[in-house]
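Here is a short walk through one structure.

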Amino acid sequence: MLMLLTMSLIIFIITIIVMMLASFLSKKTIIDREKSSPFECGFDPMNYSRLPFSLRFFLIAIIFLIFDVEIALLLPMILIIKSSHLLNWLMTSLFFILILLIGLYHEWNQGALEWNT
């Protein structure tokens with residue numbers, strides 16, 4: 001037990017040292033206006049190139065990712081129907097689908113699926 005505690009402490013200390021060393025070595029000391037601006041043939045840019053990202057597209061991407069993971073979780077349920085107890089499988093599947101439908105209703109109710117607004 002004492003050896004496990006000692007090894008854990010040594011690993012923790014080495015991890016902290018490596019993280020601090022990486023933090024100190026990765027700091028950029030020179031912040032140059034020219035390096036942080038976009039390059040347009042040596043001229044100053046006509047407009048600001050770092051436009052804010054639309055949160056609507058980000059929200060749609062997150063919703064797609066969530067439902068994509070949910071589909072990946074639903075597909076194996078079909079494969080295990082023969083090897084599981086039917087009542088347990090049915091209750092678990094219906095509960096999972098109910099949670100998905102409640103989430104979809106909440107997103108619809110909040111207006112996350114509306115493009116016109």
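This is a predicted model. Start at Glu-70, which lies in helix α3. Is Glu-70 buried or exposed? Its relative accessibility is 14%, so Glu-70 counts as buried, the cut-off being under 20%. Which residues does Glu-70 touch, apart from its neighbours within four places in sequence? Glu-70 is in contact with Phe-96 and Leu-100.

Two packed helices are described by the angle between their axes and the distance between the axes. Here, α3 covers residues 55-79 and α4 covers residues 86-110. Their axes come within 12 Å and cross at roughly 165°. Angles over 145 degrees count as roughly antiparallel, so α3 and α4 are roughly antiparallel to each other. Their crossing is left-handed.

Now look at the contact itself.

Finally, turn to the record. An unreviewed UniProt entry places the feature "transmembrane region" at residues 6-25, 57-80 and 86-105. How does the model look over two of these stretches? Over residues 6-25 the chain is 100% helix and 0% strand. The end C-alpha atoms of that stretch are 29 Å apart. Residues 86-105 are likewise 100% helix and 0% strand, with end C-alpha atoms 28 Å apart.

Note on methods: Residues numbered from 1 in each chain as written. Predicted model: local features only at pLDDT ≥ 70, side-chain atom pairs only at ≥ 80, totals over all residues. Heavy atoms only, no water. Axes fitted to C-alpha atoms, helices over the stretch in contact; angles between N-to-C directions. Helix = DSSP H or I, 4+ residues; strand = E, 2+ residues; numbered from the N terminus. Parallel < 35°, antiparallel > 145°, perpendicular 65-115°, else oblique. Left-handed = near helix turned anticlockwise from the far one by under 90°. UniProt positions renumbered as here; feature names shortened; annotations may be inferred. Buried < 20%, exposed > 50% of the residue type's maximum accessible area, 1.4 Å probe, protein only. Contact = heavy atoms within 4.5 Å.
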